[in-house]
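Me: Hi! I'm new to this one, could you walk me through it?
Reply: Happy to, here it is.
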Amino acid sequence: MEEYNTALLEKKYVVAAQQLEKTRSNLKMLESRKGFELKILKALRTELTVQTENMLYHLGEEWQKLVVWKLPPSKESSSLESAMHSELHLHTVPSKEETAGPPVASVLQAFAVLGELHAKFKSFGQLLLKYILKPLISYPSLQPFTEEQSDVFILRFKSQEPHLDYSSPIEVFDKIKLIFEVLHKYLLNVPLEQPTEDTKDCRVILPELLGDVIWEDLSDCLIQNCLVNSIPTNSSKLEQYIEVIKSAEEFEKALKNMQILKGDMTDLLKYARNVNSHFANKKCQAVIVAARNLMTSEIHNTVKITPDSGVALPRLPDPGSGDHLKTQKTNKLPHNNVVNLENDTKLTQYMFSLPTCRISSSVEELMKLAYQTLLEATASTDQCCIQLFYSVRNIFQLFCDVVPTYHKENLQKLPQLAAIHHNNCMYIAHHLLTLGHQFRYRLTDILCDGAATFVDLVPGFRRLGTACFLAQMRVQKGEILERLSSARNFSNMDDEENYSAANKAIRQVLHQLKRLGKVWQDVLPVTVYCKAMGTLLNTALTEIIARIAALEDISAEDADRLYSLCRIMVEEGPRVFTPLPEEDKNKKYQEEVPVYVKKWMTFKELMIILQANLQEIVDQWADGKGPLAAEFSAAEVKSLIRALFQNTERRAAALAKIK
C-alpha cells in the first residue's frame, strides 16, 4: 500500500494499479484461510476499497484531461444546429519534448489493470455515437473537420449544401471511416503492457473493445437511416447500387484492418447485398402507399373517357414462333379455289370499348400506376417480379375495401359521386379483363402458367359499382314515392286544396328528376343514364297509375283535372332525359322515352280513358285486342269505368264487352 501511495503521487498509474491488485490478491488469499479472521483484515479491505475509488477518481481526472468533450448547451442533440456545436478534443498528441510514452497509455493501462476499461470505453462509445456518428448519418450536410495543433487534436463539424435529401451511403461510410482512422491514430493505437498477474484482462485490443461497445447500434443506425433510404425504387437504378455494396465492403474491410470489427460478414453488409429483396419490399410498399393516397383523394375530380382514349398501354408481346409460322403458311395458300367465308358485316372498332363517361382522375392515375408497376416487374428478378405482380393485385383488392368505406357517407348522399364511383368500378373491371393477358408472356415463368390474371377480380368490381349505384337509385325512388304520398291519393280533385297538393307533388317529382338529369349529365354512359332516368320516371308513373286506378268515384271535373295533371307528366317527363350537354343531341333520347319507361304507354292509355266516353273505351279495348287491352287488365278497365260513369244500361253494356 505504501508503494501504491508513492506511485500515485509520482503519477505512475500503472505501478499504482498493479500494487492495488497485488494487495487485493494477497488479501483474498489471507481471507480464504480458515480461522484466520482478524480485525486488521477488515480494516485492510476497507482501506483497499477507499484507495481503489481514490485511484479511479485520479484516473478519471486524467482521462477527462486527455479526452475533452465540448457539447451543445441543450440536452437535445437531435437538431443540425446542436450537432454543429459538438467537438471532441484529444490531448493525446505526443509532444516532441517528451521522452517517455504518452500519458494516455499509462491511464488506459491502469484502467485495464483495475478492470474498469470496458466501463470507461462504454461511456466514451455512447458519447461518440450520440454526438459524432449518428449526426453524421442523419444529416447529409454535416461534414467532419479535423485540426491538429501542437498538443491537441480537434474533431468538429462544418455544414455544406447536401446533394440529396437523405445521406448517401458512400459519403457516410467515408465520413465514419475518417472518424475511426482519427481515433485509431490518436487514441486507440496504444500498446498496453500486460499485468503480471491476470493474463485475461491484459490482452485487450482497444479498437476491438470500442467496436464491441458501439458496432451493434452503429450498424442499426446505418441501415435504418441510410441504407433503407438509398434502396432504389426503380429497377433501372439497381445496377448503380453495386457501388454502394462495394463501398460497404471497403468500409468493413477498413474497420477490420483497424481491428474495430472482427469475424465474418456483418448485418450491414448482408443488408446491402440483399438489395433485390429490399428493392422489391420498398417498391411494393411505395406502390401500396401511392395507391391508397389515390383512393382517399377526392372522387369528384373527373376526366372524360371516350372509346378513343385510354391508358398509354404497353405494346403486347409478339406472338409465339409457332403461331407466326402458321400465319405465314396460311398466307402462302393458293387463292384460286378458296371460298371467302368472311362475313361482309364488320364489327365496329369500338365494339369492346368502354362507352363515353366520366371517371375520377385518381382512378385513371391508379390504372397507370398498375401498368407502370407491371412494366417494372417485367424487367425485375423472378422474386421481385412475383412480389410486384401481387402488389398490383393487392391494389385492386385494397380499392374494394378502402373506397366504399372511406367515401361511404358521400356515396350515400351525393348522386353524382355514386355515378362516378359506378363508372370507376366499371372502368377498372374493363381493364382487368385484359391486364393479365397483356403481360402474361413478359413476366417470370412461374406466373406465365396461368397465375398472371386479374379476371377473377372483375365480377367483384362490377358488383361493387352496381351495388353503390342501385343503392342511390333506391334512395331516389324513396324520395319520389314520398313526394307523391302528399298528393292525397289524387282523390276529390274538384277540391282546390287537394288539386293544389297533387299538382305540387308532381312538380316536385319533375324537379327532382330534372336535377338528377343535370347531375348525371355527361357523367354516366348514355345507355346507363337513360335506363336510370327511365326507371325513376317509371316509378313515378306507376305510382300515379296505381293511385288513380284505385279511385272508386271520379267526377267529370275530377277526370278533367286528373287529365291535366297527367298531361304535365307527359309533356315534362321526356325533358328530364338530357344525357348530353348539347341540347340538340338530346332530342333523340327524349323521343325514345317509351323504350326506357315501361309504363309510358299505360300512362297514355289512362289519359285516354279519363277523357273518353264509353264507346271510345270499348273501341280502345277491341275485344281484348286493342291498345287498351295491351296495357290494362279487364278488371282494371272495369274498375275505371265504374269510377268514371254512373250506373246506367249503357255502362252495363260497356262492362259486358270488357272481358
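Me: How far apart are the end C-alpha atoms of helix 17?
Reply: They are 37 Å apart. Helix 17 covers residues 415-439, and its 25 residues should span 36 Å at 1.5 Å a residue, so the two values agree. The expected span is 1.5 Å times one less than the number of residues.

Me: What am I looking at, by the way?
Reply: This is a predicted model, where local features need pLDDT of at least 70, side-chain atom pairs count only at pLDDT 80 or more, and totals for chains, interfaces and linings use all residues. Residues are numbered from 1 along each chain as its sequence is written, and side-chain values use heavy atoms, leaving out hydrogens and water.

Me: Where does helix 17 bend?
Reply: At Leu433, by about 30°. That is the angle between axes fitted to the seven residues ending there and the seven starting there.

Me: Switching topic: is Gln512 buried or exposed?
Reply: Gln512 counts as buried because its relative accessibility is 1%. It lies in helix 20, residues 496-520; helices here are DSSP runs of H or I, at least four residues, and strands are runs of E, at least two, numbered from the N terminus.

Me: What does Gln512 touch?
Reply: Beyond neighbours within four places in sequence, Gln512 contacts Gln476, Glu479, Ile480 and Arg483 (heavy atoms within 4.5 Å).

Me: How many helices and strands does the protein have?
Reply: It has 29 helices and six strands, and 45% of its 659 residues are buried.

Notes:
Buried < 20%, exposed > 50% of the residue type's maximum accessible area, 1.4 Å probe, protein only.
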